[in-house]
Amino acid sequence: MPVPDADSRAKSGRDGKRAAQKTVLEARQRLTSSSGTRADFDFELMHDYADSRIGAALPMAAIVSILAIVASFWVPVTATAIWAGLVIASLLVVVLTARRFKTSDPAKFNAARWTTSFVAAESVGGLALSLLALFTLVTDPEALAPVMFAMVLVSIASNAVATHTLPPATLMSTLPVTTTVSISLAALGGTLNITLAAVAICGEIFFLYLARQLHSSELETISHQAEKDTLIYELEEARNMSDEARRHAEQANIAKSQFLATMSHELRTPLNAIIGFSEVLKSELLGPHQVPQYKEYAGDIHSSGQHLLNLINELLDLSRIEAGKYELNEEVVSLVDIAADCRRMMELRAKSKSIELVFSIGDNLPKLWGDERAIRQVVLNLLSNAIKFTPQQGKIVLVVQRSGDGGQLISVKDNGPGIPENEIETVLSSFGQGSLAQKTAEQGAGLGLPIVQKIMDLHQGRFDLFSKLRFGTEVIATFPRARVMDALAPVVEKRNRLEIYSEAG
């Protein structure tokens, strides 16, 4: 079972802490809510209620005035005017309460207190509407029954829509008028009046249900908006953390590059002396050794110094590339010539392991625009890796040819043990080594292929590695078509036909 690293544990700890804080916050919000949801949801719902009531004040006053005018055909004008005045006055109380809520401090919001205030104001409005039932005392009830029924339905519908974000307010603004008018109609007797009373009650139930559905929809919308806001906040927080981590990484990378550059300079000075004096001792320039082992030891010192110097050079190259300070000295170069030189340099190493090194080139390959030293390093690294991991009596094929898109490529293919598919990504990473490299005596630092990748990136090229266990490995470095120095077509001068005729004449 894999053991999580420190970063994973820290991330899971932060996620767990954030989830716990979110749970505690939601529980606290529900405890302070008047509707059992969240206090901030209550504030949004009441805010919408206040906006709706303030915005609908003039249309509601107009509806009441129209109802009063219609009722005046059957009821004395004085009675309808008093009823309309009381209803509009109660509507003004509701609007004033809503305006007071809008100007209050949101930080001091108390859901229960404001719910009570709004319900009390709506109760006053509902009682004022219920005075509609008193019209039966001043006119013929039978003629007024259909008018009262129509006025009740209009009142219920308009109030239910205007107060749907606060269900208790919907109930108190519609129930009194429905109750009084239904009782009045039922008291009049007769099939029509009783039917109208039943329909009024059914209308009350329907509009209460509709208001409840609208309230649920509004609550769901607010909930989604809150989730979106939370997600945006978390994304912003994650972005800030990412920027901070990036800044730390950049600072660490700069410090690493400075350290490597300093250490490379400091180490090269004594290494040059070690390599030079060990070369003198190994060659016995000042006379033969009395003890034969001394010559062998000097050779070991020399090879170790060379290995360490190569490692320092690789580290310095990698740090320069990563810091963006590896500058290409570009010129017209021949990829075939560079590959041939590298083959000659590596041929002795290949023969020491009885490895057959085959060199194949394409026809009529033009020159390239690139950095000769960097391209030479690419070829040497690829050949060195192939020789290192190819067994005795193996075979390596070095190919230079055109690529499919018109560029040029270098391919190095061996019949070695290959690389497991799950280790290819590791091999291509800095300091990454596969299981085969960890078992061999020629381990190295795992910087060869990463340096090749970065040099090819600087040349706008591509580096590909294909390997299959027990079937060998092929690495391909491809230079783009834009870097190939193809010969231009000859310029043909077009002459005027008249000049040709004049010369012929």
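Buried means under 20% relative accessible area, exposed means over 50%, and partly exposed lies in between, with a 1.4 Å probe and protein chains only.

## Basis of the model

This is a predicted model, in which local features need pLDDT of at least 70, side-chain atom pairs count only at pLDDT 80 or more, and totals for chains, interfaces and linings use all residues. Residues are numbered from 1 along each chain as its sequence is written, and side-chain values use heavy atoms, with hydrogens and water left out.

## Asp405

At 49% relative accessibility, Asp405 is partly exposed. Asp405 sits in the loop between strand 4 and strand 5. Helices (H or I, at least four residues) and strands (E, at least two) are DSSP runs, numbered from the N terminus.

The side chain of Asp405 makes a polar contact with the side chain of Ser403, at 2.5 Å. A polar contact is a pair of N or O atoms within 3.5 Å; within protein, one must be able to donate a hydrogen and the other to accept it, and residues adjacent in sequence count only if both atoms are side-chain atoms. The Asp405 side chain also reaches the backbone nitrogen of Gly407, at 3.2 Å. Phe479 is 74 residues away along the chain, yet its C-alpha atom is 9.8 Å from that of Asp405.

## The sheet and its helices

Five strands form an open sheet in the order 2-4-5-7-6, with mixed pairing. Strand 2 (356-361) and strand 6 (462-468) are the edges; each has a single partner strand, so one side of each lacks a neighbour in the sheet. From one strand to the next, the twist averages 10 degrees. Two strands pair if DSSP finds at least two bridges between them.

Strand 5 (residues 408-414) and strand 7 (residues 472-479) run antiparallel, joined by seven bridges. Ser411 has Ile476 of strand 7 as its bridge partner. Helix 11 (residues 372-389) packs on the sheet, touching strands 2, 4, 5, 6 and 7, and its direction makes about 15 degrees with that of strand 5. Axes are lines fitted to C-alpha atoms, for helices over the stretch in contact, and angles run from 0 to 180 degrees between N-to-C directions.

## Asn159 and the annotated segments

Asn159 lies in helix 6 (residues 141-162). Asn159 is buried, at 5% relative accessible area. Beyond neighbours within four places in sequence, Asn159 is in contact (heavy atoms within 4.5 Å) with Arg53, Met60, Leu129, Ser173 and Thr174.

An unreviewed UniProt entry lists "transmembrane region" at residues 54-75, 81-98, 118-137 and 143-162. Residues 81-98 are 100% helix and 0% strand, with end C-alpha atoms 26 Å apart.

Technical notes: UniProt positions renumbered as here; feature names shortened; annotations may be inferred.
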